[in-house]
Amino acid sequence: MNNDRPGGPEGLDHPSRALAAFAAALRFEAIPGPVVERTVNLYVDWLGSALAGKGARPVETIARFARAAGGHAGPAEVIVDRGGASAYFAAMANGAASHFVEQDDVHNGSVLHPATVVFPVVLALAQERGASGRDLIAAAVAGYEVGIRVGEYLGRSHYKVFHTTGTAGTLAAAAAAGRLLGLDEQGMLHAFGSAGTQASGLWEFLRDAADSKQLHTAMAAANGLMAARLAADGFRGAARILEGAQGMAAGMSRDADPARLLDGLGRRWATMETSFKYHAACRHTHPAADALLAVVTQHRLRPDDVARVTARVHQGAIDVLGNVVIPRSVHQAKFNMGTVLGIVAHRGYAGVNEFEQAYDAPEIAAFREKVEMVRDEEVDRAYPARWIGKVSVTTTDGRVLEGRVDEPKGDPGNTLSRQEISDKFLRLAAFSRTAEPQEARDMLARAWELASLPVVGSVFAGATVSSRADRPVARADMA
């Protein structure tokens, strides 16, 4: 891989092409060992989230659409029902499934959830083409590196209105698909053009608990894959879809920074910067949740000891979380700061089961009323590169206690261990009843061996078939 070209004069003049050249030329052998290991960790983490989407009404609706449009046979797997499908429709269904329980990864600086748009694509294409685990990993890294840089490029003004995972995520999916399909530089550039012109996703859905979030990831994955497939067949896309006069930045951003597109390309591995999600809620709630946990633990507070909590946040958190005042569903509750902090205060952890059991419980609703968000200058200045958590807790006896975390649980400097990722995987599989305990453990063991698999094959290969996996799941989010 030529690392000089993206940073040279031609790259600066035409960053879309330089990014395409990087993605097309990336080889497994050029990826540092720690990046490979991180990618495997991210894959296992994503697979748990995909399993957990089973039974969720929006996911099942999209999966039914995929079945009606594409049939019930094909070389790729739809994870929530284990059926076969074309790569296109499997990527669509799995993209929706893995973005429902709010446990999929996130890159801070781009505010992008890469896994949910990259791994559905590379898994589906690897299953279709009989590709190896190494092929899948190289394609996934290409997707992460491209998608993260596009998200960073589009900037904070973009994220205020657009769901970056739906927009930049479409480019990430195209890069991943193009790499696995073996597109050359020109083909990759065409794929980017077709992906960018389809990129979409607006935050308005949060105001009324609409289902669009899963549609965003389903279509980012599917459209990115389609863009690469079309390019492989000679279909032409815009050559300057990112930086052109009527390209993505022109229509979707007021603060686009072209330097971000090529930042350290081939030397800085943005994949390594990606965070795992510890709590099963919008990532904007995690810093304050961890800061509150620190205060509660240090001062041995009970929920009734808390009179008021002020979460000191960045503006992006207010823009997203401020849309949800009184949550009307489990999923909407995950975008309400007061609910998340209430669950943390009462349960010590805001996981999938905790939300399912308590998001609308009287004590959680009462705690929610004690919480307010205010913009904090230091926190906002650091964002999105750093997601600092700060809270001020006023107790019923009049004390004011301050809490702070500089790296929430799951960030690269406070990451999840492989054991913690394994535990999370098993917890998510059990939550959706997608697999019996032993079957889930077998799946997990195979997933950890991704880099050594000569053929990726089925994610369920070697696992004992579970009768429970086909049973309907009774969950609050089905309502």
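This is a predicted model: local features need pLDDT of at least 70, side-chain atom pairs count only at pLDDT 80 or more; totals for chains, interfaces and linings use all residues.

Biologist: In what order do the four strands of the open sheet stand?

Modeller: The pairings give the order. Strand E5 (residues 306-313) pairs with strand E6 (residues 371-375) in the parallel sense over five bridges, and E5 pairs with strand E7 (residues 389-395) in the antiparallel sense over six bridges. E7 and E8 are also antiparallel, over six bridges. The pairing in this open sheet is therefore mixed, and the order is E6-E5-E7-E8.

Biologist: Which strands stand at the edges of the sheet, and why is one side of each left without a neighbour?

Modeller: An edge strand here has a single partner strand, so one side of it is left without a neighbour in the sheet. The strands at the edges are E6 and E8 (400-405).

Biologist: What angle does the direction of helix H15 make with that of E6?

Modeller: Helix H12 (residues 286-299) packs on the sheet, touching E5, E7 and E8, and its direction makes about 45° with that of E7. Helix H15 (residues 337-347) packs on the sheet as well, touching E5 and E6. The angle between the directions of H15 and E6 is about 120°.

Biologist: Is Val 111 buried or exposed?

Modeller: Most residues other than glycine have a negative phi. Val 111 has a positive phi, near 50°, and lies in the loop between strand E3 (106-107) and helix H6 (115-129). Its relative accessibility is 8%, and the cut-off for burial is under 20%. Val 111 therefore counts as buried.

Biologist: How does Ala 209 count: buried, partly exposed or exposed?

Modeller: Ala 209 also has a positive phi, near 60°, and lies in the loop between helix H9 (185-198) and H10. Its relative accessibility is 30%, so Ala 209 counts as partly exposed.

Biologist: Which residues does Asn 223 touch, not counting those up to four places away in sequence?

Modeller: Asn 223 is found in helix H10. At 10% relative accessibility, Asn 223 counts as buried. The residues touched are Tyr 88, Thr 170 and Gln 198.

Biologist: Is Asp 233 buried or exposed?

Modeller: Asp 233 lies in the loop between helix H10 (212-232) and helix H11 (248-252). Its C-alpha atom is separated by 9.1 Å from that of Gly 187, 46 residues apart along the chain. At 71% relative accessibility, Asp 233 counts as exposed.

Biologist: What is omega of the peptide bond from Tyr 383 to Pro 384?

Modeller: Most peptide bonds are trans. Pro 384 lies in the loop between helix H18 (377-382) and E7. The bond from Tyr 383 to Pro 384 is cis, with omega near 5°.

Technical notes:
Residues are numbered from 1 along each chain as its sequence is written. Side-chain values use heavy atoms; hydrogens and water are left out. Two strands pair if DSSP finds at least two bridges between them. Helices (H or I, at least four residues) and strands (E, at least two) are DSSP runs, numbered from the N terminus. Buried means under 20% relative accessible area, exposed over 50%, partly exposed in between (1.4 Å probe, protein chains only). Contact means heavy atoms within 4.5 Å. Axes are lines fitted to C-alpha atoms, for helices over the stretch in contact, and angles run from 0 to 180 degrees between N-to-C directions.
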